[in-house]
Amino acid sequence: MGNFPFVVAMLLVILGLYTLLFKRNLIKLVIGASLIETGVNLFLVALGYRTAGIAPIYTYAPPALADRMVLPTPQALTLTSIVIGLATTALLLSFAVVIHRHYGTLDVREVKELKG
Amino acid sequence: MNALSVHAPVLLVATPLLAAFVVPLVAKLGSTVRNAVVGVFTLLTASLAGLVAANVLAGSGAPSVYVFGASPLNLTLPSGMHVPIRILFEVDGMSAFMILITALVAVAATLYSFSYFKEHSGGEMYYPLLFLLLAAIFGMEETGDLFNFFVFLEIAGIAACGLIGFRPWRGRSQEAAFKTMALYTLSGLFVLIALGLLYGQHGGLNIAYLSSRVGAEMLDLVALGLLVVALGMKAGVAPMHMWALDAYGEAPAPISAVLVASSQASLYGLFRVLFTLFGAAVSVAALGWFLIALSVLTLFVGVTMALLQKDIKRLIAYGAVSQIGYMLLGVGVGFTTSGSRPAYGFVAMQGGIFHMVNDAACIGLLFLAAGAVHRASGTRDLNRMGGLGHDMKWTAALFAIGALALAGVPPFNGFSSKLLIYESSFAASPILAAIAILSSILLLAVFMKVFQAAFLGPRLLENVREASRGMLVSMLMLAVVVVVFGLFPGFFVDKLVTPAAKALWLGRDAYVRAVLGG
Amino acid sequence: MNGINSGFGAWNPLVWTALFLGIVAVALAIRALGRKDYKKKTGQTKVYLSGNEEPEPEDLHVRGDALYWGMVEALSGYYRRARALHTGILSDYFAWIIVTLGIVFVLLAVGR
């Protein structure tokens, strides 16, 4: 296992950054932001993993493995991050809809009335 | 009374949250009841802010810790644990200072909103978002836990973007809100990656706990870099400042003032990371000089681009971005010299921190006056306005006070803080002081352009009436703060700014000891 | 007494305000020595422009853009480039953040 989950998480983040920098459609930018969120959530969950550990629940824990639990705190951090990601993605998409209604286009290089 | 002052830090965040959920229900009873409820909650929040600040500043200067769910409220290490496992609020001198700034801006913006949105609908959505934003800003400034800071940072971002795009029939405000939300999302994710790295290295996310364990290893430095860039972007430091121009320029006038307070809270987060979290553990020279270079770039680009603008609010937005450069310059000089600790380093910190309250009051006053001008003349284009000063004498006078104060004209408060910044940055490097003074003069030129185009000259527009009384009273409140802080700077520097500067400059050990004990 | 001391100098705004008001009082005293018996709105207060007509105030008002036109023209090289950099395109905003992040990482790695 080793560092493989972390490498995949950072790869997702880099793919998301590539989307944000080089794609022209506003919806694709939102998907890029969502990719970065997924990468970061994967990174957080992978932080807490302990090899051959069990879920961090004390009730009915098998006694042989009761001291080898995965860390619960990163799981809490990830849940919070998923909820925040949901709220921001919803807000971004609703703004994109209204922008399309006003500008007639979703091209990020055309939506630039605020410049200079 | 004792229970109130003990629980005041958490009530300061809970009261606006409660207000945010009560106001939509109360708004069904009519706009007068809604305004009364909003006013009561705002005054309550401001009093709690004053109470928290008074408790911390009147004490010995040690940070006061509030642990959620602990039985004596400062029990940070229960049952002999070595790691603080609960979320805690830790209010020291710097936090108390930021809380007072936010409370001042909150009261002024809410009072202004009553008049500004008088005949408009949508109030039942506007005030809850405003209260959520205020709760998040207070939470950012009080918390002692990094993940709690991240959560409040995101809440503030979502509420702020909802308020920026509040009028959906203007396409530009939606564009500004989309850009701001996208950038806030990216910076929040950078902060979360940094938090993940720190958690993986050290096993905790409490600021005091991390401060005692962080070192100069590669992963810690990666986390530092991510945090510095993400929080600097949210504060509006060049070259990542362009969202701030769109956001401040397109938001409704009272929201621009509160957005400035939110950017200052992100700047506070940057200072907390630099001084308290990493402190002397990282070799400061290269990063410190880079921050100073960015601050000088911010203040120069902000002011010179402001000269080109036709839109009054975008022009003041450029002014707001340039003032963030002054704050970062002062504290950046303090950070760069925090190894050798010369006397001018502390003076620079005092100047930068004093400029935060001066800028909040002056820029708030200017944004509110620009809103009054927009409401009275119906346009935001400086080329079409003229002669508003004939009918709007009070607004013109208050705008002049704010503009002169921000440009650093004595005897207003901008001069006191800018004097401290000029003299200490001159000791660091003379070029910094030269560019800073030049930018101040250019800022005076910029506001002279606005004043002449909007207020002076013959009457060019019809039907111009003075701003309504609520708007004038809120602007007068900020102007009184400007004048009083300007005439008695010594008192405010001793009582408010020096504890804040000491808390950052020297207070790292006290901060860690308040949580980890011994 | 009340002012701030920056280690290089001191600043006391109350003394400054007292001095300022004193100078204003002196200026008003000198103004009061003048004559008050002139008649307004007659030839005694008309502006003399070498015999030319005085234009209407509405034509004289300098608009917002025109006030600093000269300065913007003089620095037009800088302004053209600075204005071109503020494109308003969202992808460019992200690019600036990534560039700054790269510079910060390089500085932290080198300074370690």
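**Exercise 1. How many residues does the contact take from chain B and from chain C?**

Start with the ground rules. This is a predicted model: local features need pLDDT of at least 70, side-chain atom pairs count only at pLDDT 80 or more, and totals for chains, interfaces and linings use all residues. Residues are numbered from 1 along each chain as its sequence is written, while chains are lettered from A and ligands numbered from 1 in the order in which they are written.

Step 1. Apply the contact rule: the C-beta atoms of two residues, placed from the backbone, lie within 7 Å.

Step 2. Read off the two sides. Chain B supplies 52 residues and chain C supplies 41 residues.

Step 3. Find the main contributor. On the side of chain B, helix 11 (residues 285-306) gives the most, seven residues. Helices here are DSSP runs (H or I, at least four residues), numbered from the N terminus.

Step 4. Sort by class. The side of chain B that touches chain C has 38 nonpolar, ten polar and four charged residues. Ala, Val, Leu, Ile, Met, Phe, Trp, Tyr, Cys and Pro count as nonpolar, Asp, Glu, Lys and Arg as charged, and the others, Gly among them, as polar.

**Exercise 2. Describe how helix 3 of chain A packs on helix 6 of chain B**.

Step 1. Take the angle and the distance. Helix 3 (residues 73-103) of chain A and helix 6 (residues 171-202) of chain B pack at about 165°, with axes 9 Å apart. The axes are lines fitted to C-alpha atoms over the stretch in contact, and angles run from 0 to 180 degrees between N-to-C directions.

Step 2. Name the arrangement. Helix 3 of chain A is therefore roughly antiparallel to helix 6 of chain B (angles over 145 degrees count as such).

Step 3. List some residues. The contact includes A:Leu91 and A:Phe95 from helix 3 of chain A, and B:Phe178 and B:Met181 from helix 6 of chain B.

Step 4. Sort them. The residues of this contact divide into 14 nonpolar, six polar and one charged.

**Exercise 3. Is B:Ala453 buried or exposed?**

Step 1. Locate the residue. B:Ala453 lies in helix 16 (residues 430-454) of chain B.

Step 2. Count. B:Ala453 has 25 other C-beta atoms within 10 Å, so it is buried (20 or more means buried, 12 or fewer exposed, in between partly exposed).

Step 3. Check the partners. Leaving aside neighbours within four places in sequence, B:Ala453 contacts residues including B:Leu382, B:Gly386 and C:Leu67. The C-alpha atoms of B:Ala453 and B:Gly386 are 5.7 Å apart, although 67 residues separate them along the chain.

Definitions and conventions: Helices (H or I, at least four residues) and strands (E, at least two) are DSSP runs, numbered from the N terminus. Angles under 35 degrees count as roughly parallel, over 145 as roughly antiparallel, 65 to 115 as roughly perpendicular and the rest as oblique.
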